[in-house]
Amino acid sequence: MRSNKTIFLAKNISELLYQIKNVSGLEIVGGCTSVKPLPEKTLSSRDISELKAINMRERFIDFGPAVTLNEILALGKERVPQALFEAAKSVGNFFVRNMATLGGNICASVQTPKAPKRSLYAPLLALGATLKFRNTENQMSATLPFSKFEGVPPKQVLVSVRVPADDWDVSIFRRVGKNGSYSDDAAAFCFLAKTASGVLTQVKMVFAGPLVFFDSELEAKLLGVRLPLSSKTVQDWTEAAALSFDKAAEKYECSNSALREQLISLARYSLNQLT
């Protein structure tokens, strides 16, 4: 049986933009570790050097979407935000991470409205990542907060993922679920906190799987609180997190008591790491 799949090539971003503009139905892929089956018209971004670039700055890191997870890990845990490093490390094995790309992990998380979120989604959201796109019509650039990302806009290409390189006093990443799978029973958890003079100054908590849970009002309740936290503060905050999670679950039409218990347990654990 003859295959009706067509693979297009591009040596640089300009050629990539040209192909997307002129080839109807063309889809950009990375390492294809989560693309099943392969689209009818594809173009791999893995060999475009501009999309594989890593630019280290003082306050942030710009990753090309074709950067593999192993290339992120190769930078070392001293140079990559701990939560992102641990998330990349949690994906598959060495051979999978050698193929899987940052852009692929991100885009697979939003390929359908109810797509399970991949491991890097939670830390990227917690860290406040931003995405940069290039328009195929005028080649102008535009940026988008990761919190607003619902898919690559039509006739645009993801060209960079900017990750703030802030220092966090507490950084926790965990995957929950069977064998780290991406399913309705699995999720990734990320908790970040900054302190100054024994006072909490910034808190971020994200739980992402079949639903995405983060609550800025809940996080704000801990700001200005002096450490160590009292047992009552921990109890009250985790109870508030559970109630907020229930609202998110209702919105996503995702009722999962096991994930709810995992969230409560991880939230309590994270607060107890604050000293």
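How many disulfides does the count come to? The count comes to zero disulfides, a disulfide being a pair of cysteine sulfur atoms within 2.5 Å. Cys190 is in no disulfide, and the nearest cysteine sulfur, which belongs to Cys254, is 19 Å away. Cys190 is buried at 0% relative accessibility, whereas Cys107 is partly exposed at 29%. Here buried denotes under 20% relative accessible area, exposed over 50%, and partly exposed the range in between, with a 1.4 Å probe and protein chains only.

The model is predicted; local features need pLDDT of at least 70 and side-chain atom pairs count only at pLDDT 80 or more, while totals for chains, interfaces and linings use all residues. Residues are numbered from 1 along each chain as its sequence is written, and side-chain values use heavy atoms, with hydrogens and water left out.

Side chains of opposite charge can pair when their charged atoms come close. A salt bridge is taken as a side-chain nitrogen of Lys or Arg within 4 Å of a carboxyl oxygen of Asp or Glu, and by this rule the count comes to seven. One of these joins Lys52 to Glu71, with the closest N and O atoms 3.5 Å apart. Lys52 is in the loop between β3 (41-44) and β4 (54-56) and Glu71 is in helix α2 (residues 69-74), so this pair ties together parts 19 residues apart in sequence. Helices (H or I, at least four residues) and strands (E, at least two) are DSSP runs numbered from the N terminus. Both partners are partly exposed, Lys52 with a relative accessible area of 26% and Glu71 with one of 29%.

A salt bridge also links Lys194 and Asp166, whose closest N and O atoms are 3.6 Å apart. Because Lys194 lies in strand β10 (residues 187-196) and Asp166 in the loop between β8 (156-164) and β9 (170-176), the pair ties together parts that are 28 residues apart in sequence. Lys194 is buried, with a relative accessible area of 18%, and Asp166 is partly exposed at 29%.

The salt bridge between Lys232 and Asp236 has its closest N and O atoms 2.6 Å apart. Both residues lie in helix α8 (residues 231-251), four residues apart, which is about one turn of the helix. Lys232 is exposed at 57% relative accessibility, and Asp236 is partly exposed at 35%. Elsewhere, salt bridges that share partners join Asp246, Arg260 and Glu261 into one network.

In helix α1 (residues 13-22), the residues Ile13, Leu16, Leu17, Gln19 and Ile20 are buried. These residues cover an arc of only 160° around the axis and therefore lie on the same side of α1; the arc is that of the directions from the helix axis to the C-beta atoms. The elements covering the buried residues of α1 include β1 (6-8), β2 (27-29), β3, β6 (130-135) and β8.

Thr68 is located in the loop between β5 (60-63) and α2. Thr68 is buried, with a relative accessible area of 4%. Leaving aside residues up to four places away in sequence, Thr68 touches Arg46, Arg97, Asn98, Met99, Ala100 and Thr101, where contact means heavy atoms within 4.5 Å.
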